[in-house]
2 protein chains.
Amino acid sequence: MTRKLHLNAFLMGVGHHEAAWRHPRSEPGKIADVRHYQELAKIAERGALDSVFLADGLALRGKVRHNALGGLEPLTLLTALATVTERIGLIATVSTTYNEPFHVARKFASLDHISGGRAGWNIVTSASEAEAANFGIERPAHAARYARAAEFLDVVTKLWDSWEDDAILADRAAGTYADTDKIHPIDHTGEHFSVKGPLNTSRTPQGRPLLVQAGSSEDGKEFAARHAEAVFTAQQTLQDGQEFYADLKRRLAAYGRRHDELLVLPGISPIIGSTEEEARALERELDELIIPAYGLAQLSYLTGIELTEEHLDGPLPDVPIETEGAQSRRKLVVELARRERLTVRQLLSRLAGGRGHRVVTGTPEQIADQLQEWFFNGAADGFNIMPPLLPSGLEVFVDHVVPELRARGLFRHEYDTRTLRAHYGLPRPPSRYAARREPVAV
Amino acid sequence: MTRKLHLNAFLMGVGHHEAAWRHPRSEPGKIADVRHYQELAKIAERGALDSVFLADGLALRGKVRHNALGGLEPLTLLTALATVTERIGLIATVSTTYNEPFHVARKFASLDHISGGRAGWNIVTSASEAEAANFGIERPAHAARYARAAEFLDVVTKLWDSWEDDAILADRAAGTYADTDKIHPIDHTGEHFSVKGPLNTSRTPQGRPLLVQAGSSEDGKEFAARHAEAVFTAQQTLQDGQEFYADLKRRLAAYGRRHDELLVLPGISPIIGSTEEEARALERELDELIIPAYGLAQLSYLTGIELTEEHLDGPLPDVPIETEGAQSRRKLVVELARRERLTVRQLLSRLAGGRGHRVVTGTPEQIADQLQEWFFNGAADGFNIMPPLLPSGLEVFVDHVVPELRARGLFRHEYDTRTLRAHYGLPRPPSRYAARREPVAV
């Protein structure tokens, strides 16, 4: 069997382009409308995509004046998507910095039951000060957030393992519902958490929901190499993509993991037209709807430098890379500006499409060429697809790029697997508490 | 218009009777099966019931050996019920002791959006030590839990109010999505919480999801009188029901609230047969499936006294009423045993049906008589219906008791309202941050 690529549809309001809501092809009134997201999930499933994914942040941060925000909490929304789909994976972002592991373990276990084994957790540590202010604490330092995340994950996976697969007997005659020898307290005591367990939700179809991670800092990469099964990443050039891919895969061995136990999925925002001219025209339309004040505020936040209209036609001022916030994204943006000698205005335009993710404009064949190039040259196991407009950008991807990838033998024609783990080619982990501990195929 | 009663279907696994899972008419394999709960919600909606309700606890507590537990987290599950229903209210239990107000506000706001204004929150403070052990703290004292709950609720309602109703402009031409003068930081600083806000989910159809409460201790009643819009309660006799009802309604004035701004909904487990003999036979069948060891463990937990098989045929030993746990339920159980001079075995049988809630056995007419008696005599504004077996006990209630209540003019024939607040006859609260603050009908 030839190696197939994996495709995840990153769902973001009415589109990933920051001006999507102003474009006549979007409906900004649908930001909090569950039917909009259900339609997106069905379109992605029609294309046999591996999964849909919802990002998240825990603060509004004043961006709402010029962007369509204020939508639905991802894990709540994913349940609503689970009920109208059959096969597609469902990945939600949840922070380890402002949550309790018992709740997170239980909610993802519930989603995994409800979806029949399609749940995935994108683990984030919440970089912004605005988020900390909604939870009454000072934002913890970068390293401290990752240390907490590691212990958090340890507790969550223990809780997921706390019921062995065959714990439920449901023996009516004997009156024994469960073999309590196969339901284990976890008795976790660590620096950040003390959790007795067991979980009060039974072992799920996937055993453990899929673990996804997206931080690309040094701490982030080490965390991913140790724990994650899929990584979302922003990479601007093939060379950067290759270096990141090789770096991450190289780190796996230290944790006794194989090369194929973690998938690297770079983000890409495809601006698609039936001709290159049509695609360029759509790109221009979106570009013209950009509100500089909005982009300046985002870039000021990201760089830690107060940028105003006066900076627009000059180069990006010097920016320190070290930060307690979104460190790797800051580095990417500064390098992009330097490498291509962009003015601030040009940089804003480059960031408007994908917030630092790669934007590719062209025909379905040209988009497929780009995906194939990265996939064949050691930069990707698949992609996190970020349509500029939703639903139209996802529809055109599913209806025109996906068939092109299939014609090239790069993507499945239909689902031949049932769980998210199985779509991604990953095993079902055994419970650490079970006597028999080999992974089993699902 | 004559006063109508309100009916809430309390959904609990495969039935409220503790031996339900052993009865041939239940399917214990469906404890974590979303379709089971979706079917229950649809049955309740077929009867035009006001709402469905899911209880919750945050620990397994070793009950699973003899009972079908380990199901789904309520708020996650309710979203799945929202997507297959149109009108019925959806109430989930969430603890204020082991959560953060920002998350709780956002999740209920999301459910309210997804359901089109049908979300309700049953506020609990989590009485057990087993729950505390899953969150790494000592169980806070009763009064401390209620103090936290009051501040928690204050923060949550501020967050729900933080977007005024008309904050979203979605003005594409001007590039203004929201009028940020109408989106307010809440800047809450209190003893337990410091939360800046605003919420990152927009104002919801109900403005604020419905607030429900179920504690019947002194602290619980005072909390309910101040904050709750519906109260679930366990009352064994008409006189107790009347006293509780009058007491709670009397307390409202101190908070400037009217008599009809809080509904009192006692729990009742109806064991229904087409003849009284048939109903009694079902009651006996369930009774014979009781496992004394299970009931003894629950009763030991509730009373704080270690009860064994040796106690079964004697009276309940002396039990202190003051406790940091489930105080009002302990009082109810001790009084029941004393009043009716029950042996421990008889008490277990009385508790098996509804854990202290009233069990009524009879024909649909007899059940309706009981509901009518309490409704007409100042003990109830409606009822929390707890079928012994699910789905069969809910089906027979909807198909036989509900028509009887309709024939008597006591219950709606169909929904003439769209939101949970409107079903309950409650107003839609204005945002406290809006210039115009009158409640509006929904």
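Contact here means heavy atoms within 4.5 Å. In this predicted model, that criterion picks out Leu40(B), Ile43(B), Ala44(B) and Arg46(B) in helix H1(B), which meet Leu394(B), Glu395(B), Val398(B) and Asp399(B) in helix H13(B). The residues of this contact divide into 5 nonpolar, no polar and 3 charged. The axes of H1(B), residues 34-46, and H13(B) come within 9 Å and cross at roughly 15°. Angles under 35 degrees count as roughly parallel, and H1(B) is therefore roughly parallel to H13(B). The crossing of H1(B) past H13(B) is left-handed.

A helix pair in chain A can be described in the same terms. Helix H12(A), residues 364-376, and helix H13(A), residues 392-407, have axes that come within 9 Å and cross at roughly 55°, and the two helices are therefore oblique to each other. H12(A) passes H13(A) in a right-handed crossing. On the H12(A) side the contact is made by Pro364(A), Glu365(A), Ile367(A), Ala368(A) and Leu371(A), which meet Phe397(A), His400(A), Val401(A), Glu404(A) and Leu405(A) in H13(A).

Turning to the two chains together, the contact between them takes 70 residues from chain B and 70 residues from chain A. The size of an interface is often given as the accessible area lost when the parts come together. Chain B and chain A bury about 5500 Å² between them, with 57% of that area on carbon and sulfur atoms. The count of salt bridges between chain B and chain A is 4. In a salt bridge, the side chain of Lys107(A) meets that of Glu73(B), with 3.3 Å from N to O.

| Cis peptide bond | Omega |
|---|---|
| Gly197(A) to Pro198(A) | about -5° |
| Leu390(B) to Pro391(B) | near 10° |

Pro198(A) is found in the loop of chain A that runs between strand S8 (194-195) and strand S9 (210-213). Pro391(B), for its part, is placed in the loop between strand S13 (382-385) and helix H13 (392-407) of chain B, and that helix is the one whose axis comes within 9 Å of the axis of H1(B).

A further backbone detail concerns Ala170(A), which has a positive phi of about 50° although it is not a glycine. Ala170(A) lies in strand S5 of chain A, which covers residues 168-171.

How values were computed:
Residues numbered from 1 in each chain as written. Chains lettered and ligands numbered in written order. Predicted model: local features only at pLDDT ≥ 70, side-chain atom pairs only at ≥ 80, totals over all residues. Heavy atoms only, no water. Axes fitted to C-alpha atoms, helices over the stretch in contact; angles between N-to-C directions. Helix = DSSP H or I, 4+ residues; strand = E, 2+ residues; numbered from the N terminus. Parallel < 35°, antiparallel > 145°, perpendicular 65-115°, else oblique. Left-handed = near helix turned anticlockwise from the far one by under 90°. Buried area = accessible area lost by both parts, 1.4 Å probe. Nonpolar A, V, L, I, M, F, W, Y, C, P; charged D, E, K, R; others polar.
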